[in-house]
Amino acid sequence: MTGTIDAVYTIWLREMKRFLKSKSRMVGSGGQPLIWLAIVGVGLGAAFALKVNGSVPYLTFVSPGLIGMTILFSSIFAGVSVIWDRQFGFLKEILVAPVSRLSIVLGKIAGSSTIAVMTALLILVVVIVFGIVPIASLSVLGIIELLIFMLLTSATFVAMGLIIAALINNIESFQVLINFLVMPLFFLSGALFPISGALPIWLDALSHIDPLFYAIDGMRASLIHFSTYPLIVDMAVTIICAVIFITIATALFSRIEGK
Amino acid sequence: MNQGSGIQDAIVVNSLVKRFGSFTAVKGISFSVKAGEIFGLLGPNGAGKTTTISMMTTVLSHTSGTIKLFGVDALAAKDSARQMIGIVFQDPSLDDELTAWENLDFHARLYGVKEGKKEIIEKVLRLVELQDKADRQVKTFSGGMKRRLEIARGFIHHPKVLFLDEPTLGLDPQTRRNIWDYITKLNREQGLTIILTTHYLEEADSLCNRIAIIDHGKIIKSGTPDELKRSLGGDVVRIGVGRKTELMRLLKGKPFIISVKESDEGLEISAKDGSKAIPMITRIADTKGISISYATVKRPSLEDVFIHLTGRNIREEGADRESSWKKFRGR
């Protein structure tokens, strides 16, 4: 058990060191979601002057969505680090180590989730400072719930990225496949518009098989107290998704070979 | 050196097979390595050396057969096996973004080295003379420095067996010599069992206690370097001649000749006494007006054994398969 924790920590530590050495990655991960917030949030909000459900301003509605989006993008692309490690040979160094494959997966998840959650927290600070999310709606419990949703969402999508990285071994195919996945995951998640009875049934059904839908719904529940499902339902679905994807990723990592 | 029968077997490989689809890369290899031995796996590229080492180091799954490391089933109890082995892969396997120290620290942590970690890392860095470069990013290192760092990393966790897959490929002679010095020192001082593959047969000859020659996925010969050389049964006489086949036919069956083979420039003859054989060969050639451009005689080297057994020169074969820079450096 201590071996597993040490291994997770070791792999996490390496991811952190690599991230901190790359200034472009730091600027990119923080800058991208802020640009989204400025352009999509403000732009669409102004265009529609929309009040979701009659009372929630669009920019407030979309804030948890953009937090979810940040986590999705940052997490799922983390699988690319496995492909780089394979190309530079470092993956072999990890694979021959006497550590469980679960700890390798958890280490990668810990590393990428730290970065994803920190970036998402940056968005949170911005939306609070600019009064987009009213301070009155915040509570300690709500922030804790939000953090749990962030971590679970990140774990789910890092694991999804690792699964794809374990199956595919070149950068180009990985990026094509991830892009192919990210768009429907994002647009069906309810990040930008509410998933409600007003949508056609097929769109509504597709949204319900998108893990990010429950994650963002839960984030909205904990942050602005507005959601399709009760928080407990969102939490249960998000935990189940994380467990499923981590299990698959671990199984695939046990079969991965050095060449 | 450690040839006594009382010494424990470090590694026992039995009927090991690896198939990739319809292609069988390793066709039932069996051998054993004694504790404290330096054991060489030699063979042309594509012979199955790296595939064999990859299975022994748990990098690659096997199709059938068994591998035991100090009595532990390496194919089942993978983590116990992993803890016992250190590996220097044929291709680089460092994190270029991290410093030398950070690479070694990562390794020490993954292998659960806690007590005296700092001292151990300092010690291995000194051993490969990289102590001054500890805080430099690995991407600033030369090929030789990276190799030395990988070797240092390979024995940080006090492995019982060190696997070295072409550890000196692409390095200059000076660096090569240094690396072998470190490796023999480890073997001598710490009793580390070492399994290596190399293209440099002279190095294998001087380093290895025992050698197995692999070709087409099978071990075709194994023994001490001396045993292998003696197995040729005599001296190697090389003669430069244009009409190879004709002369070969004339020489076959002559009592002073053990065997005759065609080589690139002429014939390669194994004879009981090389210096006496040359005048006799010249006389036979003269009777048919076959002109001989040169004749050399030498005690058989490992290279001769290799050519005799595989019909190929280890480096030529290597050059066909390796990328051009490796071909260039490998010579």
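**Exercise 1. Strand pairing in chain B**

Determine how many bridges join strand β11 of chain B to strand β13 of chain B, and in which sense the two strands run.

*Solution.* Step 1: Strand β11 (residues 235-241) of chain B is joined to strand β13 (residues 266-271) of chain B by six bridges, and the two run antiparallel. Strands here are DSSP runs of E with at least two residues, helices are runs of H or I with at least four, and both are numbered from the N terminus. Two strands count as paired if DSSP finds at least two bridges between them. The model is a predicted one, in which local features need pLDDT of at least 70 and side-chain atom pairs count only at pLDDT 80 or more, while totals for chains, interfaces and linings use all residues. Residues are numbered from 1 along each chain as its sequence is written, and chains are lettered from A and ligands numbered from 1 in the order in which they are written.

Step 2: Within this pairing, B:Val237 has B:Ile269 in β13(B) as its bridge partner.

Step 3: The strands belong to an open sheet of four with the order β12-β13-β11-β14 (chain B) and antiparallel pairing. Because β12 (257-262) and β14 (292-298) of chain B stand at the edges with a single partner strand each, one side of each is left without a neighbour in the sheet. On average, neighbouring strands of this sheet are turned by 20° against each other, direction ignored. Axes are lines fitted to C-alpha atoms, for helices over the stretch in contact, and angles between N-to-C directions run from 0 to 180 degrees.

Step 4: Helix α10 (residues 274-287) of chain B lies across β11, β12, β13 and β14 of chain B and runs at about 160° to β14(B).

**Exercise 2. The six-stranded sheet of chain B**

State the strand order of the open sheet of six strands in chain B, and identify its edge strands.

*Solution.* Step 1: The order is β6-β7-β8-β3-β9-β10 (chain B), with mixed pairing. Step 2: The edges are β6 (85-88) and β10 (218-223) of chain B, each of which pairs on one side only. Step 3: Neighbouring strands are turned by 15° against each other on average, direction ignored.

Step 4: Four bridges pair β6(B) with strand β7 (residues 161-165) of chain B in the parallel sense; B:Val88 has B:Leu164 in β7(B) as its bridge partner. Step 5: Helix α1 (residues 49-56) of chain B packs on the sheet, touching β3 (38-42), β7, β8 (193-197) and β9 (210-215) of chain B, and its direction makes about 150° with that of β7(B). Helix α5 (residues 143-154) of chain B lies across β6 and β7 of chain B, at about 175° to β6(B).

**Exercise 3. Helix packing in chain A**

What is the crossing angle of α7 and α8 of chain A, and which residues meet there?

*Solution.* Step 1: The axes of α7 (residues 140-167) and α8 (residues 171-187) of chain A come within 10 Å and cross at roughly 140°. α7(A) is therefore oblique to α8(A); under 35 degrees counts as roughly parallel, over 145 as roughly antiparallel, 65 to 115 as roughly perpendicular and the rest as oblique. Step 2: A:Gly161, A:Ile164 and A:Ala165 in α7(A) meet A:Phe174, A:Leu177 and A:Ile178 in α8(A). By class, this contact has five nonpolar, one polar and no charged residues. Ala, Val, Leu, Ile, Met, Phe, Trp, Tyr, Cys and Pro count as nonpolar, Asp, Glu, Lys and Arg as charged, and the others, Gly among them, as polar.

Step 3: Helix α3 (residues 58-76) of chain A also packs with α8(A), at about 165° and with the axes 11 Å apart. These two helices, α3(A) and α8(A), are therefore roughly antiparallel to each other. Step 4: A:Met69, A:Leu72, A:Phe73 and A:Ile76 in α3(A) meet A:Ile178, A:Val182, A:Leu185 and A:Phe186 in α8(A). The residues of this contact divide into eight nonpolar, no polar and no charged.

**Exercise 4. The interface of chains A and B**

Find which element gives the most residues to the side of chain A that touches chain B.

*Solution.* Step 1: 21 residues of chain A are in contact with 25 residues of chain B, contact meaning that C-beta atoms, placed from the backbone, lie within 7 Å. Step 2: The elements of chain A that give two or more residues to this side are α1 (2-21) and α5 (90-95). Step 3: α1(A) gives the most, with eight residues. Step 4: By class, this side of chain A has eight nonpolar, four polar and nine charged residues.

Note on methods:
Two residues are in contact if their C-beta atoms, placed from the backbone, lie within 7 Å.
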